[in-house]
Amino acid sequence: MKILTVSIVLRVVHAALIELRTLDSRVAKEFERFPEGLSYSIRTGFEGPTLHVLWQDGELKRVENLPAPVCSLRIKSMPLSFQLFTGQMGMAQAYARHAFTMAGEVADVMRLARLVNLVEAYLFPKIMTRRIMTDVPETEVCFLRAYARIAWGFLTCKYKLSK
Amino acid sequence: MVPYFEFQNAVKLLCGELSLERISIELEHLGASCPLVLSDAVLSKIGTLEQVTEAMQSEGITAGATFTDIPVDSSLAVVNRIAAYFREQGCDSIVAVGGGSVIDTAKGVRLVLSQDTDDILAISGVENLTRGKHIPFVVVPTTAGTGSECTGVAVIRNDANGVKMEFLSPFVEPDVAVIDPRMTMGLPPKATASTGMDALVHAIEACTCQQANPLSTAYGTAAIRMIAENVEKATRNGGDKKARFAMALASTMAGIAFSNSMVGAVHAIGHALGGVCHVPHAVAMTILLPHVMRYNLSHCAESYAALLPWLVGMDAALKTPAEQRAEATIAFIETLGKRLNTICGLPLTLSDAGVQKDAFAKVAEFAVNDGALIVNPRAASEDQVVEILNAAY
């Protein structure tokens, strides 16, 4: 169940990043600064679900595999991955609790952490986000708009829950 | 209390008089006989380096090679060059004699060698490395501030973009650190004060950041007490052996504290100021500390209040009403800075340090990408970093 949940949330996070780019100026600004070819590989636990994304031609593309990601994160266990991707632990808390290892530059993790914080501010209720962030970012549009765009993206097969 | 924490300090500490003379036997025990000695040109010129190499030689180990061309703000290129030199010279171990730049450079060299690579950039990351080949590694700090002799992090400048990069791994820690008071006796007053304040920042941020834990706080608070009692004494009278030794120990303890709980916004912004404006690290720390504390106050009044007894003593702290203790902690830091400024001219503002306001936007952009910011008790955007910089100007 945890593995399935993490797998779904990883794909929702990717979809949310793309949709929030058009809804939230801070997300858009972060992407404007992404260097061409920046890529993230997120692995969860031992052989758990993965997410590989690549910034190319102004788009954040989900790809099957990344042989040499610019920034590679490995969450140390599946329970930690579950906590991180279900709003029970924020990125800063994950860092503070040594929940992941990272190969690459710390600056790229910081970019990702800011984006994940913004995604969580939209996807999770404040009662949850207040527990996992020292300062919850204000949403620039109603969270329902974000949900609607993400759901529509999955319904129209713009995003896929499967590989 | 934090729900989970990790704590490591695997460094053997040789503390006190005649410590230098024990380096050779430690190297021998580590299976080394041909060390590459790393230092900088100033320490070579004033004889500090010679003091160490003579002490080693007197006990049977001679440097296999010596490299002293390490700049104040060392870089990835310097690390790679020294690693190649180590291999050329057939050395088997490293002895680093110097301040933060020399020690962090040496840590980088050791990483390159132990991971069997040619480029440190290829192995950058957080807790991502396996142990690798063991290269015996001894450090002799010559300032009482960085605590780098006991930390699992190396901060090294990337000349390609001016960013100070952090390399975090438990395998960065040296095998042995030598805390010999002779090494800091000749430190000028301004350097004594600024490096002492650097140690204070390490201790305060270690005790108040999101990663603070009971063990790191034990080291951090003990360091705060020793610094509060001794930094002025050591600055006023460089020959005060007791104060010098206390400061050296406090710096080491603060290093152990922050190595196990990270730091915060003072360091994130300070690294950026170093990268963009070349402000010396310890000077940036001194200037930024009270301003960042004011910025953080709304989020960690309780933890700042808890530091007051360590700064002023329990009796004085108890005379301060509980709700005023956090503010009193910051006021003490400000007053300490002013007193040190009077004694030795320690810069207290960014304008004193020669920073131009037009650099603030770039500094803020770098600061929010610094790993130290993620565990700061209060989040900070680029605009908020600029506010802090303006307050410190």
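This is a predicted model: local features need pLDDT of at least 70, side-chain atom pairs count only at pLDDT 80 or more; totals for chains, interfaces and linings use all residues.
Residues are numbered from 1 along each chain as its sequence is written, and chains are lettered from A, with ligands numbered from 1, in the order in which they are written.

Let me start with the contact, where two residues count as touching if their C-beta atoms, placed from the backbone, lie within 7 Å. Chain A gives 17 residues to it and chain B gives 23 residues. On the chain A side, helix H4 (91-96), strand S5 (100-103) and helix H5 each supply at least two residues, and H5(A) brings the largest share, 5 residues. Helices here are DSSP runs of H or I with at least four residues, and strands are runs of E with at least two, numbered from the N terminus.

The two chains also share strand pairing, which requires at least two DSSP bridges: S5(A) and S5(B), residues 125-126, pair in the antiparallel sense over 2 bridges, with Ala103(A) opposite Gly125(B).

Turning to H5(A), 15 of its 18 residues are buried, that is, with 20 or more other C-beta atoms, placed from the backbone, within 10 Å of their own.

Finally, H7(B), residues 214-236, reaches 34 Å between its first and last C-alpha, close to the 33 Å expected at 1.5 Å times one less than its number of residues.

Technical notes:
A residue is buried if 20 or more other C-beta atoms lie within 10 Å of its own, exposed if 12 or fewer, and partly exposed in between; C-beta atoms are placed from the backbone.
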